[in-house]
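Student: Please walk me through this structure, feature by feature. I want to know how to read each one.

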Amino acid sequence: MSIAVRNITKTFGRFTALDNVDLDIPRGRLVALLGPSGSGKTTLLRIIAGLEVADSGVVRFDGEDISDRTAGERRVGFVFQHYALFRHMTVFENIAFGLRVRPRATRPSQQRIRERVHELLDLIQLRNQAGRYPSQLSGGQRQRVALARALAVEPSVLLLDEPFGALDAKVRLELRRWLRQLHDEVGVTSVFVTHDQDEALEVADQVAVMNGGKIEQVGTPDEVYNNPATSFVYNFLGNVNLFHGRVDNGMAQIQKEDSGHLVFVRPHALEITRHPNGANHFRATTKHINVAGPLVKVEAVTEWGAVVHVEMPQERFRELALVKGEEVFITPRDLAVFAKE
Amino acid sequence: MTVTAALAKFKRRSIIPGFGLTLGFTIFYLSLIVLIPLSATFVESSKIGWHEFWRVATTPRAIASYELSFGASLIGALINFVVGTMIAWVLVRYQFAGKRILDSIVDLPFALPTAVAGIALTTLYATTGWFGKPLSDIGIHVAFTRLGVVVALTFIGLPFVVRTVQPVLEDLDKELEEAAASLGASRLQTFARVIYPAIFPAAITGFALAFARGVGEYGSVIFIAGNMPMKTEITPLLIVTKLEEYDYAGATTLAVVMLLISFVMLLTINALQRWNGRDEAPARG
Amino acid sequence: MVNAVRLPASPAVTESAPIRGVLIGASVAFMAAFLFAPLVLIFFAAFKQGIGAYFQSFTNPDTLAAIRLTLLAAAIAVPCNLVFGVAAAWAIGKFEFFGKSFLISLIDLPFSVSPVVAGMTYVLLFGAQGLLGPWLVAHDVHIIFAVPGIVLATIFVTFPFIARELLPLIAVQGNEEEEAALTLGAGGWQTFMRVTLPNVKWALLYGVILCNARAMGEFGAVSVVSGHIRGLTDTMPLQIEVLYNDYQFVPAFAVASLLALLALATLIAKSAVEWRVGRVKGEAA
């Protein structure tokens, strides 16, 4: 099922959570809504789910306007950040809930419900925990149960609100890969909200970057990372060095003083050399070198006193034999220029 | 304004169902049980006219009853302020045999019917009673005196202070006291300067609750009081007497006086509870 | 915090042993004198003339009628207040709307109004000289000095209890589980029965027990509306008053002992609920 969101606006009192937002989510894809707190991503997700009502605009599933349908009628699976498992029900009963509350006419038989729940328990690898209560499970297990519960009713859309936000870093990594695998297996159109750009870039087919109630850019992880459309996107995804600059004949020039443009360069796109090499080079003195890790991180101070961060592979670092306090030249290999807003 | 827009101003949009039904029923019930009868009271009292109202409200007998009701409640609440805080402290901080039982018994005045408390206290403090006899031997008479009223109201008000102070004491960070001790404060100084200010809002809230409850108390007092006009007659009893004499005007006047004071107490208590930071805690009654 | 291991308090934050002893001693003494003594006395006085006399007290037809009336009033008042309590807790706990704190204050009202005044407002409304009096007399409907009045007065004084037990709990539990249920296709009523209710069942149970105890024990409000017609409009607390004033002490305390047992059962229920809730919280920690 494809989702189309048009002209959605939502305010809470004086605060505008969403400002005339349009978004398309293709059928069968896993899309991430990425942005900082307050960007409106959770609000948008809840509006799609029917848990909030927009002030204006429409939501369409497969072209059909479902804005007036209740959450139950939309047949979406929703996974909450804090799981929202029914605390007095066992894992089995939680997963079976959606099937058990169906009206008599469409309710599957006891037998069929049991089969389906066991299927899902196998899918989430918690077959032995069926009789446990949520309070007896770990965070990661609870989230898997929440997912199974949402999938039990065979939703046409799966919506996840910061699903791994409440988990430890290691569990987060495991579960995010597991989610990707699950999506590839089950194939349900899925939208998930996150503020973690690593998560979005690693898991999603498409990323919608949001800020202040608007969508800044929609694209594949490659597109948003390597061809950011706005300075916000550039800044939000990955580390960045900021310079003042101006544009001369279509070429960007880094400058000391402010002149109306910002130049963005990623740390690994800055090259350190002993001799001037290439356009836009500048002098800098190395201040701090961090060798631990796959990339060597060098912090340097430019001739005009600004701090820059440079990253380079270990071999390059050994080639250069850099030491602290050395004067070097730095050239950007790849930069993006945005007019100051 | 459309209905939706009007509704939006009134209530935050939510998809949880049942708002109209539950709120409607709640308001209906409250109107039926509380608002309409209360308005009847004010309507009745307005028939009397301000002059007459003032006259009835300030007869010597009425004033004597206010003195007793408010005075005894105040004293009882003060006693409970001190003793209740101590009991809360002992229950939270110390371990000793029988603590669980003691903790449960604190709530007895809530659960015990007022008439039962009334006859029990009277029999206990009568000159032939277990406590009354030794006390009257040394010249202290409790039953049928104002002192008896104070005793009864102290009984009634005890749980209020204990139950409002207890949770605050439980949440108190031990590290504050350790810091004070490490800075050289004696235990008494620590209590006076660190602990007491922290529990004061709760204690005062409990005090106000006990006081408000005591002012209107009837069943537990009328047996032990003696009920002599001008001496040991509480205001609620005066109201009942007037009702029995079909002096509705008089009864209403006194009731309105008590209601106005109740409203003021209610607002004060709510403000105190907000200060105490425990808006949503159940008020004991 | 509930199940945190209680490390022994460092010497810096505890009083010296003698002071502890004094505080504990004073607290125990105070509670023994003020709470235990009256309670124990009730049973002593009830059995003063032996077990035979105790049970004989319940053969008095007026007393039996009073017991029946009390049970009837409670049997009507408690379910009504249960429905109200649930509705009010849902409306207030799950939604944000204008006027919410006013509504909460209104629910707190019976705690600060004297029960006598409460009863009186019904007399003013429904009594023969009251606002609706003539209409009621014309239609031969009796509220005051009859059972309906007693039920109404009982409802007034006890309706906050269930609401106030549920309200903070529902407010604190939030809406997430209900939202989850709604997305899974459950209807409003289903969501309430299967998700909300099980989460508050212990508080609800205690609220009902407390409401019942207070309903059966209400004295002041019922006294005003009942008319004290022996055998017809006397509830147990009123019958206690009648017997006591007639110097029939053993029967008076016999009836009182029943209500005292009910009070003790309420205290035990409270303890049990708190223990259960504490255990559940501990598991979730």
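Student: How many residues lie between E9(A) and E10(A) in their hairpin?

Tutor: This is a predicted model, in which local features need pLDDT of at least 70, side-chain atom pairs count only at pLDDT 80 or more, and totals for chains, interfaces and linings use all residues. Residues are numbered from 1 along each chain as its sequence is written, while chains are lettered from A and ligands numbered from 1 in the order in which they are written. Helices (H or I, at least four residues) and strands (E, at least two) are DSSP runs, numbered from the N terminus. Two strands pair if DSSP finds at least two bridges between them. In the hairpin, two residues separate E9(A) from E10(A). Gly212(A) sits in the turn with a positive phi of about 55°. Strand E10 covers residues 214-219 of chain A and runs antiparallel to E9(A), joined by five bridges. Met210(A) faces Ile215(A) across that pairing.

Student: In which sense does E9(A) pair with E3(A)?

Tutor: Parallel, over four bridges, with strand E3 spanning residues 30-34 of chain A. There, Val31(A) has Gln206(A) as its bridge partner.

Student: Which residues of E9(A) point one way, and which the other?

Tutor: In a regular strand the side chains alternate between the two faces of the sheet. From E9(A), Gln206(A), Ala208(A) and Met210(A) point one way, and Val207(A), Val209(A) and Asn211(A) the other. Now the cover. A residue is buried if 20 or more other C-beta atoms lie within 10 Å of its own, exposed if 12 or fewer, and partly exposed in between, with C-beta atoms placed from the backbone. Six of the six residues of E9(A), residues 206-211, are buried.

Student: What does H9(C) pack against?

Tutor: Helix H9 (residues 176-183) of chain C is mostly covered, with seven of its eight residues buried. Those buried residues include Glu177(C), Ala180(C) and Leu182(C). They pack against helix H1 (41-49), helix H2 (71-74) and strand E6 (76-79) of chain A, together with helix H10 (188-199) of chain C. Just after H9(C), Gly185(C) takes a positive phi of about 100°.

Student: At what angle do H2(B) and H5(C) pack?

Tutor: Axes are lines fitted to C-alpha atoms, for helices over the stretch in contact, and angles run from 0 to 180 degrees between N-to-C directions. Helix H2 (residues 19-48) of chain B meets helix H5 (residues 115-126) of chain C at about 75°, with the axes 8 Å apart. The two are therefore roughly perpendicular (65 to 115 degrees; under 35 is roughly parallel, over 145 roughly antiparallel, the rest oblique). Ile36(B) and Leu38(B) are among the H2(B) residues in this contact, and Tyr122(C) and Leu125(C) among those of H5(C).

Student: How many residues does each chain give to the contact of chain C with chain B?

Tutor: Chain C gives 82 residues and chain B gives 82 residues. On the chain C side, helix H1 (residues 17-46) gives the most, with 17 residues.

Student: Where is Tyr246(B), and is Tyr246(B) buried or exposed?

Tutor: Most residues other than glycine have a negative phi, and most peptide bonds are trans. Tyr246(B) is not a glycine, yet has a positive phi of about 60°. Tyr246(B) lies in the loop between helix H13 (235-244) and helix H14 (248-276) of chain B. Tyr246(B) is exposed, with 12 other C-beta atoms within 10 Å.

How values were computed. Contact = placed C-beta atoms within 7 Å.
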